[in-house]
Each structure stands twice: as C-alpha cells, then as structure tokens.
Amino acid sequence: MVDEEQKCYLRLKLFSAEGIDRATLMNPNGEIRKYQALIWVRPMDEKYITRIASGLPNPSWDSACNLPLGIYEPFKYFLHVEVYRMCPKSDPGSSTGIALVGKTRIPLPKLGHKICGRFELVRPNDAPSSSSNSDSDLGCIPEGHIYLNMETKRYF
C-alpha cells in the first residue's frame, strides 16, 4: 500500500504565448483569431484545457491548474503543451475546425522545485523541405514560445 504522502501533483501556471501562428492575407491583423491550449503529463491521465484567448501572435491565458501525478517518478514524465487555433469558417483549416499551431514537451521539475520560463514551441511543417522529394519528411519547425511556471508538490 502506498503512503498518501507519496502522492504528488503538478502546480502549473500558464501565462501566454508569443510569436505563434502566421498572419494570412485573409486576416493580417489576427483580430479574430482565437487560441486554446491543451496540457497533460501522461497521455491517459487528466488533461487541462484553457479558456479561449484572442490575439495574434501573442494570446494570453493567465490560468492555473493542478495536475495529479500519482507517485512521483523523477525524469520519467514530461509536461506536454499544445496550442490550437480555433478556426473560423473563412480560415482554410482542418475538418475539425481547429489547427495545431505549436507544441512543446518539458521535463518535470524535481519534487518541491519550481521551473519558470519561456519555452520554445514547434509547429508542424506544412511543406516538404527543399532537399527532399518525400511528403513523409514534413517534420516540425520552431515557431513561437510559451511562458509558464510549474512546481511538483506532495499532497499532505
């Protein structure tokens, strides 16, 4: 039986993103673009979804959440953050009405420690590289950053 004091959680504060998503000819100022972030630690665990924020290229969420971690296992898990544009009908996007504009994976801090900072986002590359003739070589390219802080804590 696991002692309750060994169960932990991640305290996360997500502030904003900068330099994400490119302006288009249809929407050069980005006034109506809306963004939402999806955050998780382990794929099958609870996910946190932010409120929708407007802006281009710098949406601001200023939100916080606690993500349960169970038993803390250092260096085993990462914080995953994905930022999506909620596509209006006039914006050619995906069939779901949302488009991934940036994502990152950040190692969790040690138990009782805090990490604060600006973390690079990558987005799917929507064009093959000039050195490749294959569509399978699309990959990701860096674009934008996200500002957050996180701390691992024990439940008491």
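Trainee: Why does Tyr155 count as partly exposed?
Mentor: Its relative accessibility is 37%. Buried means under 20% relative accessible area and exposed over 50%, with partly exposed in between (1.4 Å probe, protein chains only). Tyr155 at 37% therefore counts as partly exposed. Please bear in mind that this is a predicted model, in which local features need pLDDT of at least 70 and side-chain atom pairs count only at pLDDT 80 or more, while totals for chains, interfaces and linings use all residues. Residues are numbered from 1 along each chain as its sequence is written, and side-chain values use heavy atoms, with hydrogens and water left out.

Trainee: Why is the pair of Tyr9 and Tyr155 called tilted?
Mentor: Rings of Phe, Tyr and Trp (its six-membered ring) pair if their centres lie within 6.5 Å; planes under 30 degrees apart count as stacked, over 60 as edge-to-face and the rest as tilted. Here the centres are 4.7 Å apart and the planes stand at 35 degrees, so the pair is tilted. The count by this rule is 1 aromatic pair.

Trainee: What makes Glu18 and Arg118 a salt bridge?
Mentor: The rule asks for a side-chain nitrogen of Lys or Arg within 4 Å of a carboxyl oxygen of Asp or Glu. The N to O distance for Glu18 and Arg118 is 2.6 Å, and their side chains meet in a salt bridge. Glu18 lies in strand E1 (residues 7–18) and Arg118 in strand E8 (residues 114–124), 100 residues apart. Glu18 is partly exposed at 24% relative accessibility, and Arg118 is partly exposed at 46%.

Trainee: How many salt bridges does the rule give?
Mentor: The count is 4. Among them is the bridge between Arg123 and Glu143, at 2.9 Å from N to O. Arg123 lies in strand E8 and Glu143 in strand E9 (residues 140–154), so the pair ties together parts that are 20 residues apart in sequence. Both Arg123 and Glu143 are buried.

Trainee: Where does the charged end of Arg42 sit?
Mentor: It sits over the ring of Tyr77, 4.7 Å from the centre. A charge sits over a ring if NZ of Lys or CZ of Arg is within 6 Å of the ring centre and within 35 degrees of the ring normal. Arg42 also forms a salt bridge with Asp45, at 2.4 Å from N to O. Arg42 counts as buried, because its relative accessibility is 17%, whereas Asp45 is partly exposed at 27%.

Trainee: Which members of the largest nonpolar core touch the most other members?
Mentor: They are Trp61, Leu79, Ile146 and Leu148, in a core of 28 residues. Such a core is a set of buried Ala, Val, Leu, Ile, Met, Phe, Trp, Tyr and Cys residues joined through side-chain atoms within 4.5 Å. E1 supplies the largest share, 5 residues.

Methods: Helices (H or I, at least four residues) and strands (E, at least two) are DSSP runs, numbered from the N terminus.
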